[in-house]
Amino acid sequence: MEKNIAVIKGDGIGPEIVNEAIKVLDKIGEVYGHTFHYTEVLMGGASIDACGDPLTDEAVEQCKKNDCVLLGSIGGDTTKSPWYKLPADKRPEAGLLKLRKSLNLFANLRPALLYDELKAACPLKEETMEKGFDMVIVRELTGGLYFGERSTVTEDGILVARDSLKYNENEIRRIAIKGFEIAMKRRKKVTSVDKANVLDSSRLWRKIVEEVAEDFPEVTLEHMLVDNCAMQLVKDPGQFDVILTENMFGDILSDEASMVTGSIGMLSSASLNETKFGLYEPSHGSAPDIAGKNIANPLATIASAAMMLRFSLDLEKEADSIESAIKQALKDGYRTIDIMSEGKRQLSTSQMGDIIASYIK
Ligand code: NAD
Ligand code: IPM
Ligand code: MN
């Protein structure tokens with residue numbers, strides 16, 4: 001089979017981790033007889049440096065011409081990089097938001113599971129960790145605070161900044177349906193996370209989620225306030241199956257969930273619309289503090305490539321093969337520094353890519 005993949009390496013560790021995902025995809029191609037054609041597309045800081053814009057319209061069009069997009073990560077050190085002296089709509093993150101919006105990628109899936117082999121890297125209490133956990137955060141990705149009107153103005157002689165948070169019922173319904181559909185294929189439990197004790201947008205969220213739940217009688221629905229959810233994630237992550245939530249809550253909760261898996265370097269993600277098309281990227285950022293050192297964990301990106309094979313390219317057994325290879329490498333004691341523990345073998349980014357590729361069968 002021939003497939004076309006747009007590749008955005010991005011900034012910081014982006015190129016390092018994407019190269020390892022491509023190494024693994026090429027091995028999949030070899031073993032299963034597929035050819036993956038890659039088209040490099042610029043976004044983020046790399047695009048600002050090349051053409052003064054974090055994502056050009058041509059770059060969006062290039063992405064659309066492919067079957068899916070594989071992304072590393074974009075952005076720099078927000079306190080030091082000159083990119084953060086630019087107006088907000090010219091900074092690296094604006095490119096990513098434009099891409100998500102232009103491709104209508106409203107559903108962001110972030111699976112967080114504790115591999116048995118990584119229990120030593122998990123910061124939870126022994127008895128909590130022993131229970132294990134396997135959840136997926138279903139994050140709304142094209143609405144809410146990220147896409148509301150914003151302004152900074154002087155009023156009565158002082159600076160005032162505004163960001164507005166808006167959701168309409170259709171935006172809530174379509175992500176809720178996605179959350180319930182995913183729950184049907186899992187343990188049939190949805191925890192809808194909101195701040196309905198304060199926010200109107202959350203009260204509408206709850207109402208619509210309740211309505212959608214009526215079409216999924218087999219799924220147990222519970223509502224949880226976001227502050228409590230942040231706490232429950234470290235107290236008892238095993239209680240969660242699908243966490244369904246809005247854009248910013250999902251951003252924050254997924255970073256938290258990533259750390260209980262052992263490292264943010266483990267959390268993959270898929271951003272989907274109503275078609276087969278999708279954008280696949282690790283949940284973490286460009287990690288400027290470790291960029292260029294060949295020490296970043298490429299597993300989140302490699303696992304995102306597996307999601308890409310499954311959701312966009314209909315290559316289920318190939319996706320399984322990558323996931324088994326990751327498990328096997330962890331079982332055999334291979335670690336990058338972020339998940340290192342006593343008695344294990346520490347690898348560089350590229351060595352981890354080599355090992356995963358060598359385990360593809
Ligand atoms: P970050 O996720 O880049 O890094 C946070 C910490 O986690 C750092 O200590 C980093 O070294 C570590 N880390 C991240 N990924 C790792 C990996 N694969 N292996 C080992 N360690 C890893 O978050 P940040 O520092 O807050 O943000 C840095 C930049 O990344 C910012 O410009 C931000 O806007 C951007 N960002 C981009 C994306 C994206 O492209 N999707 C996501 C998040 C942040
Ligand atoms: C993520 C990132 C992005 C987000 C930023 C870089 C805009 O943190 O993908 O989690 O907040 O969505
Ligand atoms: Mn984030």
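**Notebook: sheet, helices, domains and ligand shell**

I began with the sheet and looked up strand S4 (residues 107-113), which pairs with strand S11 (residues 270-272) in the antiparallel sense over three bridges. I took two strands as paired if DSSP finds at least two bridges between them. Helices (H or I, at least four residues) and strands (E, at least two) are DSSP runs, numbered from the N terminus. Asn 108 has Ser 271 in S11 as its bridge partner.

I noted the provenance: this is a predicted model, in which local features need pLDDT of at least 70, side-chain atom pairs count only at pLDDT 80 or more, and totals for chains, interfaces and linings use all residues. Residues are numbered from 1 along each chain as its sequence is written, while chains are lettered from A and ligands numbered from 1 in the order in which they are written.

I then traced the whole sheet. Ten strands form an open sheet of mixed pairing, in the order S2-S1-S3-S12-S11-S4-S5-S10-S8-S9. From one strand to the next the twist averages 25°; angles run from 0 to 180 degrees between N-to-C directions, with axes fitted to C-alpha atoms, for helices over the stretch in contact.

Helix H6 (residues 169-184) touches S4, S5 (134-140), S8 (189-194) and S10 (242-245), and its direction makes about 165° with that of S5. Helix H7 (residues 200-213) touches S8, S9 and S10, with its direction at about 165° to that of S8. Contact between two residues requires C-beta atoms, placed from the backbone, within 7 Å.

I looked up the domains, whose bounds come from an automatic or database domain assignment. Domain 1 is 1-111 + 263-361 and domain 2 is 123-260. Their centres, taken over C-alpha atoms, are separated by 24 Å. The contact takes 16 residues from domain 1 and 17 residues from domain 2. On the domain 1 side, helix H4 (92-102) and S4 each give two or more residues, and S4 gives the largest share, five residues.

Finally I inspected ligand 1. It is surrounded by 22 residues, the closest being Ser 73, Gly 75, Gly 265, His 284 and Gly 285; a residue counts as near if its C-beta atom, placed from the backbone, lies within 6 Å.
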